[in-house]
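The structure is shown first.

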Amino acid sequence: MDSPEVTFTLAYLVFAVCFVFTPTEFHSAGLTVQNLLSGWLGSEDAAFVPYHLRRTAATLLCHSLLPLGYYVGMCFAASEKQLYYPSQTPETWRAFLLLALMLPTITCTLIYYWSRDRWARHPLARTLALYALPRSGWRAVASSVNTEFRRIDKFATGVPGARVIVTDTWVMKVTTYRVHVAQQQDVHLTLMESQQHDLSPDSHLPVQLLTIRVASANPAVQAFDIRSVHLYRLNSTEYGELCEKLRAPIRSVANVVIHQSLGDLFLETFASLVEVNPAYSVPSSQDLEACIGCMQARASVKLVKRCQAAAAGACQQCRCRPMWCLACMGKWFASRQDPQRPDTWLASRVPCPTCRARFCILDVCAVR
């Protein structure tokens with residue numbers, strides 16, 4: 001096991017697996033195709049479609065060169081085998097060298113075919129062409145995708161090898177070798193699978209992984225799956241944000257259940273407790289404006305100190321006029337909680353989002 005041949009083989013195997021299935025450490029070190037070839041690939045934000053046309057081709061070529069890289073490395077790690085003289089090497093190594101040379105050759109031929117007619121034969125370009133108007137081409141559709149990707153209101157999540165991007169018009173999944181694209185108005189969304197995990201590696205809290213099938217009404221567009229994370233934690237919003245961005249409803253197959261998160265349960269309880277509190281009467285001279293949190297609903301709650309204790313950390317008088325709706329105030333209250341201590345959420349005190357005066361749930365009064 002201490003021979004240079006075995007050591008190099010194990011080390012190269014680990015490197016190859018990490019280079020293909022890039023872990024966080026490789027991303028941090030910049031050992032990715034996107035980073036190593038960033039000068040040629042360009043910017044994803046500036047030109048989403050051209051970037052991924054080049055990225056998928058470059059990734060496929062780099063990965064196809066890995067077997068050849070192993071053979072070249074073995075020429076030095078096991079010099080006694082004289083692998084740099086193919087005619088003198090064993091039959092097994094000659095077959096491996098032939099395979100290592102064929103892979104990049106076939107890949108280069110495929111990439112050359114894709115790049116003809118300014119990448120018009122690339123799988124991504126072919127998919128976009130299915131959505132082009134009769135007198136326009138796939139580049140007009142690509143321009144629309146580029147424009148929407150630059151907007152800040154898009155939904156984007158996932159690791160680089162399995163990203164999910166949803167814009168106003170498009171649902172996209174970016175994988176290592178492909179980019180799946182479907183138009184929102186033509187898709188049927190089906191919740192196919194739900195996986196329960198006791199702990200998430202990021203939050204150390206229970207997590208639910210949801211698999212959603214995206215199928216286009218156009219049979220020529222290949223269906224694909226996207227995965228969304230639904231966490232049982234206080235600030236879990238990923239699945240909710242995805243549903244808000246998607247126009248089509250998500251249908252569920254039998255026996256697939258989306259469990260309500262602990263944060264959603266808390267917001268429901270928060271709203272029910274506020275309804276029990278005494279209402280606050282707004283003076284006739286004061287007009288209620290839009291909530292400064294969401295700028296959509298009308299301000300509907302006022303903080304009124306109801307407890308008489310003057311101990312340290314107790315509630316304080318808030319002199320702000322009604323500026324927040326019930327939903328935004330609940331989300332603010334929730335955002336100040338310790339996810340590891342759900343037993344303290346209802347009894348806790350948090351600062352007013354405007355003046356920082358401390359308050360509890362009993363101080364939140366609905367406006368009448």
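The text below goes through the cores, then the aromatic pairs, then the charges over rings.

The model is predicted. Its largest nonpolar core contains 41 residues. Phe48, Val49, Leu128 and Val214 have the most contacts inside this core. Helix 9 (residues 138-149) supplies the largest share of it, 5 residues. Beyond its neighbours within four places in sequence, Phe48 is in contact with Val145, Asn146, Phe149, Ile165, Met172, Val174 and Val179.

Across the whole structure, a search finds 18 aromatic pairs. One of the pairs is formed by Phe15 and Phe26: the ring centres are 6.2 Å apart and the planes are at 45°, so this pair is tilted. Phe15 belongs to helix 1 (residues 4-20) and Phe26 to helix 2 (residues 24-29), with the two residues 11 apart in the chain. Phe15 is partly exposed, at a relative accessible area of 35%, while Phe26 is buried, because its relative accessible area of 15% is under 20%. Ring pairs also place both residues in a cluster with Phe8, Tyr12, Phe19, Tyr70, Tyr71, Trp93 and Phe96.

Two lysines are placed over aromatic rings, as listed here.

| Lysine | Ring | Distance to ring centre |
|---|---|---|
| Lys154 | Phe149 | 4.6 Å |
| Lys302 | Tyr280 | 5.5 Å |

Phe149, the ring under Lys154, is also among the contacts of Phe48.

Definitions and conventions. Residues numbered from 1 in each chain as written. Predicted model: local features only at pLDDT ≥ 70, side-chain atom pairs only at ≥ 80, totals over all residues. Heavy atoms only, no water. Core = buried A, V, L, I, M, F, W, Y, C linked by side-chain atoms within 4.5 Å. Buried < 20%, exposed > 50% of the residue type's maximum accessible area, 1.4 Å probe, protein only. Helix = DSSP H or I, 4+ residues; strand = E, 2+ residues; numbered from the N terminus. Contact = heavy atoms within 4.5 Å. Phe/Tyr/Trp six-rings, centres within 6.5 Å; stacked < 30°, edge-to-face > 60°. Lys NZ or Arg CZ within 6 Å of the ring centre and 35° of its normal.
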